[in-house]
Amino acid sequence: MFLLWYVLGIAAYAAFRTLPGCLYTVSPDQRAVKTRFGAAEILPMVAESPDIAPPIDPSLTNEERERYSYPQVRVIGPGGPYFKLPWETVHRVSVATHAVDLSWDPSKRQDTIEAVTKDNLTTGVNGQIRYRISENNLYPYLFGVKS
């Protein structure tokens with residue numbers, strides 16, 4: 001009888017320690033990709049379905065098309081709570097519009113970039129680049145781009 005209660009106690013302890021870590025939510029400005037042992041769930045490439053295979057720019061050469069052919073992953077939309085197993089990892093990505101200062105340089109502090117024109121005038125340039133992560137290209141963003 002003692003052994004039965006011991007095993008049940010260990011099982012209850014394991015359940016209370018692992019089950020709260022298996023629930024997750026995705027906020028409205030995020031999308032998520034779930035990986036199992038480090039591999040994402042890849043969707044089949046179907047040419048007739050525009051929501052699975054993103055359109056490729058027709059002006060690209062064949063070499064450029066091969067470079068930009070990435071598999072599509074299953075994207076988890078906002079909501080929850082969702083369930084994941086302990087060996088699965090959830091990668092959340094913010095799909096809100098981000099702004100990066102054009103004059104940002106990690107090696108020095110500056111507000112503008114100085115440029116010299118053809119008539120030897122020095123002018124300052126500043127601004128920002130705005131970008132947004134596409135839901136159709138989460139695989140290259142998460143697993144293909146190094147920096």
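Trainee: With which side chain does the side chain of T35 make a polar contact?

Mentor: First, the basis: this is a predicted model, in which local features need pLDDT of at least 70 and side-chain atom pairs count only at pLDDT 80 or more, while totals for chains, interfaces and linings use all residues. Residues are numbered from 1 along each chain as its sequence is written, and side-chain values use heavy atoms, with hydrogens and water left out. A polar contact is a pair of N or O atoms within 3.5 Å; within protein, one must be able to donate a hydrogen and the other to accept it, and residues adjacent in sequence count only if both atoms are side-chain atoms. Here the partner of the T35 side chain is the side chain of H91, at 3.4 Å.

Trainee: Is T35 buried or exposed?

Mentor: Buried means under 20% relative accessible area, exposed over 50%, and partly exposed in between (1.4 Å probe, protein chains only). T35 has 2% relative accessibility and is therefore buried. T35 belongs to strand β2; strands (E, at least two residues) and helices (H or I, at least four) are DSSP runs numbered from the N terminus. Leaving aside residues up to four places away in sequence, T35 has contacts (heavy atoms within 4.5 Å) that include W87, H91 and F143.

Trainee: How many aromatic pairs are there?

Mentor: A pair of aromatic rings is described by the distance of the centres and the angle of the planes. Rings of Phe, Tyr and Trp (its six-membered ring) pair if their centres lie within 6.5 Å; planes under 30 degrees apart count as stacked, over 60 as edge-to-face and the rest as tilted. The count is four. Among them is the tilted pair of Y24 and Y82, with 5.5 Å between centres and 40° between planes. Y24 lies in strand β1 and Y82 in strand β6, so this pair ties together parts 58 residues apart in sequence. Y24 is buried at 6%, whereas Y82 is partly exposed at 27%.

Trainee: How are the rings of F37 and W87 arranged, and why?

Mentor: Their centres are 6.2 Å apart and their planes at 5°, so the pair is stacked. F37 sits in the loop between β2 and β3, W87 in the loop between β6 and β7, 50 residues apart. F37 is exposed at 68%, and W87 is partly exposed at 42%.

Trainee: Which way do β9 and β10 run?

Mentor: Two strands pair if DSSP finds at least two bridges between them. β9 (residues 113–116) and β10 (residues 122–125) run antiparallel, joined by four bridges; I113 has V125 as its bridge partner.
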